[in-house]
Amino acid sequence: MAKTEVRLRVVQIAFALGVVALVARAAQVQLAEGRRYAADAEARRTERVELPAARGTIYDRAGTPLAITQERHHVGIAPNELTDAAAATRLLQSALGLGEREVRLALRRRWAYFHGPFSAAQVHELRRLRGIHLTRTYERFLPDPDFALPVLGRPAAEGREASGVERMLDSVLAGTPGSAVVLRDGEGRVYESPSRLDAFPVPGDDVYLTLDAQVQEIVETALADALERFRAAGGDIVVLDPHTGEILGLASRRADGSQPATAFTSVFEPGSTAKVVVAAGLLVNNLVQPTDSVWGENGRWRLPYRVLEDEHPVQWATLEHAIQVSSNIATVKFAERLTRTQQFRIMRDFGFGTPTGVDVPVESRGRLPLPQDWSGTTAQALAIGYEFSVTPVQLAQAYAVIANGGVLFRPALVKRVQAPGGAIRYEHRPEPVRRVVTPEQAAQLLVMLRGVTLEGGTGAGAAMAQYEVAGKTGTARVAGPNGYIPGAYTAIFASMFPASDPQLVLVVKIDEPHGGYFASITAAPVTRRVLEQLLAARTNALDRRRLARPAAPSPTQVIAADPGVLPMVYAWPDTAGDADTASRTVPNVAGLSFREAVERLHRRGLRARVEGQGSGRVARTRPAAGGAVAPGALVVLVGR
Amino acid sequence: MALRGRHFLAGWLIFLLAILAWVTARNTAAHVLARELAELREERSAREAERAELLRRIREGSSLGTLRPLAEELGLRLPADSQVIILQQPVREPR
């Protein structure tokens, strides 16, 4: 008996000790090491992920999307989770455009993966299937991949640096990524956990460029045609609004079809297009009278270190006539009236030798030597557009001074930056840099340039029948590493349209054209072609009401009659391309389900955001129903 | 006293059940809404993708590169500037 009791007592003590040990261990695990184990477990089954933010859209000035962000998906498939493999195979084939054999082979594996990426529309039907796992990513989508490439550039990607506006405004377009904690299973697959969303991703701001999509297409097509026709090495076309500095169209292209941003980065000697700057210097310093003439040496003038020749020999020439026939000799003789400082200052005032400040990441400042660095012939060379270099955008900016009455404006590419909620973060206002010439002097220069496109002028190839074009041709030799390249020329035509009341400044530059290199037979006709297309296009870049006003034609202008052709008549007022800017009323959606409310807002041209879902029905809106808002404004739906 | 205790316990149980039912209902409603929201998001993404594709096709179809050869085939050409007539605003005479 006693023996049994002892045994029982031993068992009891052993049991008690076991319980105590268990409790002690539990206490150790829970209390002393609990946090470590909890953190370890959390790390094994959860993961903090970054939720990418959608990149903002880039539009043209009228709201045409040029670069948008699209949701794309990679498709992963767990074949053992599929309930109906045959149906899944058929759906995968039709939705993703895959071959039957490819899908069947993939489904034999433990885990099938199709990288794609596939659009949301393609994978929409797949979402219903069990066993299909989608990985979302954002990609830039360009409705026309080559459109406005030198301006838009590309966002950074693997092995490629960002460029253009995508680079310049990257911080604005990129948005703020969100973050979330997701659950992982034993095989490391990620499951979304809506309850653990830490921060919503905030989409990037939308950017509206100053470009006009129609103008852009016209200049791109015209440049591509010109390069082909003249078998040229490359070229640039810039179209600018002289009154605001806004760039409406810009094309840069090389013969191989590439589109580097040479309009901002590539410099060239402007040749005779710079002669008007000499004229401006003479007017500003009151060194010339309209009747002043210089001897044109019959087209050949031997100087101590060089021989100057004219393509169109003249005898006595006024400044206006020298500009009209692009006389090197007469221009140099007039330029001798300027001191070095005066000549340098007027060139600097027109923006040469300094960056324009246009909204691109990389821009060349061109080259303008300081007066103390000039040689004995530099002043003569500068007068006829040599020994200094400019970019096409700088040249357009300089001609805009004459077109707008004498003010140098900073060229602009960004018209507006708009937050996802509709708030305007930035709106372009014309930015005058300085007054270069008085309005009267600008008008005098414009008169000189009007003569260039008249009969006998070097820019007659740009003349139109009904409207006057003012401008200046330039044919400059191309400099290489060992001096000027024999037979290589740059043909340039800088112009203003219409001459009576300029609305546009155009610079057409063609590098190394073949079969006739003079700007008069290359760049000038391209300018006319662009202008004709602009007139025929339904673009708002031209104010047709101002065009319709009777112009004051030059007395020598011959209006070519073109009988027998049916005229194209435009309705007046021309509002076809006007953006819909009328304000809208916020509809009353209280009591509706969120789905119905969102649909109703979308039909009204408004955007919606849900806040506080509650019962799933809308209690009120912000702004309140009945309020007037801009098209596309954000309306917050508050749940009840 | 015993009766009061049973009533007290029953009251607490009912209260607890009510709380549980309320929490469950809220969770269910939240899940339904979350699913609806996710579906809406997916639908929106799909529509946006369709819109992007349509935009691409519109741009391609209305581009000069597509239209010009077609127009030339039909014998059409770009009008010269003299063939584009912009009508002037009629000036109203003061009475």
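User: Which strands make up the open sheet in chain A, and in what order?
Analyst: Three strands do, ordered β25-β28-β26 in chain A, with mixed pairing. Strands here are DSSP runs of E, at least two residues, and helices are runs of H or I, at least four residues, numbered from the N terminus. Two strands pair if DSSP finds at least two bridges between them.

User: Which ones are the edge strands?
Analyst: β25 (607–611) and β26 (618–622) of chain A, each pairing on one side only. From one strand to the next, the twist averages 30°, with axes fitted as lines to C-alpha atoms and angles run from 0 to 180 degrees between N-to-C directions.

User: How many bridges join β25(A) to β28?
Analyst: Five, and β25(A) runs parallel to β28 (residues 634–639) of chain A. One pair to look at: A:E611 has A:V638 in β28(A) as its bridge partner.

User: Quick check, what kind of model and numbering is this?
Analyst: It's a predicted model, where local features need pLDDT of at least 70 and side-chain atom pairs count only at pLDDT 80 or more, while totals for chains, interfaces and linings use all residues. Residues are numbered from 1 along each chain as its sequence is written, and chains are lettered from A and ligands numbered from 1 in the order in which they are written.

User: OK, cis peptides. What's the bond from A:R622 to A:P623 like?
Analyst: That one is cis, with omega near 0°. A:P623 sits in the loop between β26 and β27 (628–629) of chain A. Another cis bond joins A:F497 and A:P498, omega about -20°, and A:P498 is in the loop between β21 (483–497) and β22 (504–511) of chain A.

User: What about A:N286, buried or exposed?
Analyst: Exposed, because A:N286 has 8 C-beta neighbours inside 10 Å. The cut-offs are 20 or more other C-beta atoms within 10 Å for buried, 12 or fewer for exposed, and partly exposed in between, with C-beta atoms placed from the backbone. A:N286 also has a positive phi, near 55°, without being glycine.

User: And A:E512?
Analyst: Phi is near 50° for A:E512, again positive in a residue other than glycine. A:E512 lies in the loop between β22 and α18 of chain A, and 19 other C-beta atoms within 10 Å make A:E512 partly exposed.

User: Switching to the interface: how many residues of chain A are in contact with chain B?
Analyst: 38 residues of chain A, against 27 residues of chain B. Contact needs C-beta atoms, placed from the backbone, within 7 Å.

Terms used:
Contact = placed C-beta atoms within 7 Å.
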